Amino acid sequence: MLKIYNTMTRQKEVFKPIEEGRVRIYTCGQTVYDDVHIGNARTYSSWDVVVRYLRYKGYDVFHVQNFTDVGHLTDDADQGEDKIEKRAREENINPWELVDKQIQEYWQVIDNLNIQRPNISPRATAVIPDMIEIIKILLEKGYAYEVEGNVYYDTFKFKDYGKLAKLKLDEEKAQARVVQDPLKRNYYDFALWLNARKGDQIHIMRWNSPWGEGYPGWHLECSVMGMKYLGETLDIHGGGIDHIPTHHPNEIAQSEAATGKKFVNWWMHAEFITLNGQKMSKSLGNYVTARELIDEHGGLVVRMGLVSGHYRSAVDWNPKVIENAKSNIEKIRNCLNNIEHSSGGNSETLKSAIKEVRSSFEEAMDDDFNTPRAFAAIYEFIKQVNSSLDNKKEILNKARDTLIELLGVLGLDFTKKKGFDDKKINELMEIIINIREQSRKEKNYELSDKIRKKLREVGIQIEDGAEGPRWKITT
RNA sequence: GCCAGCGUAUCCUAGUAGUUAAGGAGGCGGCCUGCAGAGCCGUUGCUUUCAGCAUCGUGGGUGCAAAUCCCACCGCUGGCUCCA
């Protein structure tokens, strides 16, 4: 029985989708003006675990994630500049070019981290007509107002605005330090549509609308896409915790005012990670992109580091995390190697362990996707397997398949063997190993140890086991 | 200033009232090995033969029972600007 923590109620609730066997999930994607950083990667990995586990449980999951390519301003009080256009100007390229470039980069990172791509990844600019329709409805129903070619959502008209974030409107308003957009009626009001002309500046990306040439506000796209591709009520909506105070309350207000129906059943929020104990930010200069980390350590290691902590915990990203991830990956690889090289025996002791690992894994994951507990189950199992290599070969194979399957649910792909598929290299290694075996037989350990040492220096480890020597790649 | 959350053994991380605080990393000891590696077993708060005592930031409180609930304090992080 799967339980998922719902930010709206602040507790774990038994998950039940609207339509049996089918899950409609929307997750907030990237504003594609900058590279994916490790925090983004953490959040997307979390949703990937959610989606994969739901699929593992037999749900037909339909996942939509947006690309924000217009309308996300540098200042949430609707006073700033469009992030995309700003960056494009800085790089002296067309905003559309920037968007294309960033999306390509995005997919590379996502693929390297073995994150399943969403079923649909629409761009905000692809749903402009739908946005205009929603704005019209909101104006008709009196939830929005037009001022000088801008359309704003009137948050005072929407009952329970800010419920998700437990905002106390008046108090918060009094604390506000941001500069208020003078055209807005209330502090919390936000832009649905913005005039493309501001003074003598003209927004490059702009569309015709009943309110003149303009472009959409940031929050609207998520409501529109969610409703367009998933229906008026979503089973799950995910995002980073930073979206709890503003973005998600706005989504709720827009969608529910337009449809009169509940927008989302489960709100899920992923915690931020810290970097060496500190908030990660550009101003502190400790900003790390996913690309750098993947290039340095490989996608599997980064992914392992990211899913080792629970998605609602603020885990710290530091060298120790990477080191742990590496050793654990080695542990798993060694176990799979041990299985492969074992010729098996007559024992059947692993049969029950195979069942156990699956049930404890599921028990952990059913508890709000508790990946650390899931790993605990897997590591216990690995220990059992390593000490039960005398099981029948078919049982060992079943153990291997189970291990690979469960790790796969966490997005860790152990189907690819680390090593060379090159036939020549395998033949070469065979020659070297034979020479070394010859010298070992002659008790010329000086030579055999030298061969082993030299190979190790280039990242090849020879292991002398009871069933003869074998080798593996270590770097 | 206001709001939210966190503090678990050497380190990382689960556990949010019910016998021995899960798991991992690192350290140490052992088995195995010609030696390594891998793996397995034990150990990793204190006194230790058996055993006993302590322990989840600190101090109080509630309960038969607390890492877990309540209060205070100390420390840390995040949000109230943009963020995943």
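Modeller: Rings of Phe, Tyr and Trp, the last by its six-membered ring, count as a pair if their centres lie within 6.5 Å. The model is predicted.

Biologist: How many aromatic pairs does the structure hold?
Modeller: The cut-off for a pair is 6.5 Å between ring centres. By that criterion, the number of aromatic pairs in the structure is 20.

Biologist: Is the pair of Y153 and F190 stacked or edge-to-face?
Modeller: Planes under 30 degrees apart count as stacked. The rings of Y153 and F190 are 5.1 Å apart centre to centre, with 10° between the planes, and the pair is therefore stacked.

Biologist: Which parts does that pair tie together?
Modeller: Y153 is buried at a relative accessible area of 0%, and F190 is buried at 2%. The two residues are 37 apart in sequence, so the pair ties together separate parts: strands β6 and β7.

Biologist: What kind of pair do W193 and W211 form?
Modeller: Both residues are buried. Their ring centres are 6.0 Å apart and their planes stand at 55°, so the pair is tilted.

Biologist: Which residue caps the N-terminal end of α10?
Modeller: Helix α10 covers residues 319–341, and its buried residues include I322, A325 and I329. At its N-terminal end, a side-chain oxygen lies 2.9 Å from the backbone nitrogen of K320, and the residue that supplies this oxygen is N318.

Biologist: Over which ring does the charged end of R185 sit?
Modeller: The distance from the charged end to the ring centre is 3.9 Å. The ring belongs to Y145.

Methods: Residues numbered from 1 in each chain as written. Chains lettered and ligands numbered in written order. Predicted model: local features only at pLDDT ≥ 70, side-chain atom pairs only at ≥ 80, totals over all residues. Heavy atoms only, no water. Helix = DSSP H or I, 4+ residues; strand = E, 2+ residues; numbered from the N terminus. Expected span 1.5 Å × (residues − 1). Buried < 20%, exposed > 50% of the residue type's maximum accessible area, 1.4 Å probe, protein only. Polar contact = N/O pair within 3.5 Å; in protein donor to acceptor, adjacent residues only side chain to side chain. Phe/Tyr/Trp six-rings, centres within 6.5 Å; stacked < 30°, edge-to-face > 60°. Lys NZ or Arg CZ within 6 Å of the ring centre and 35° of its normal.
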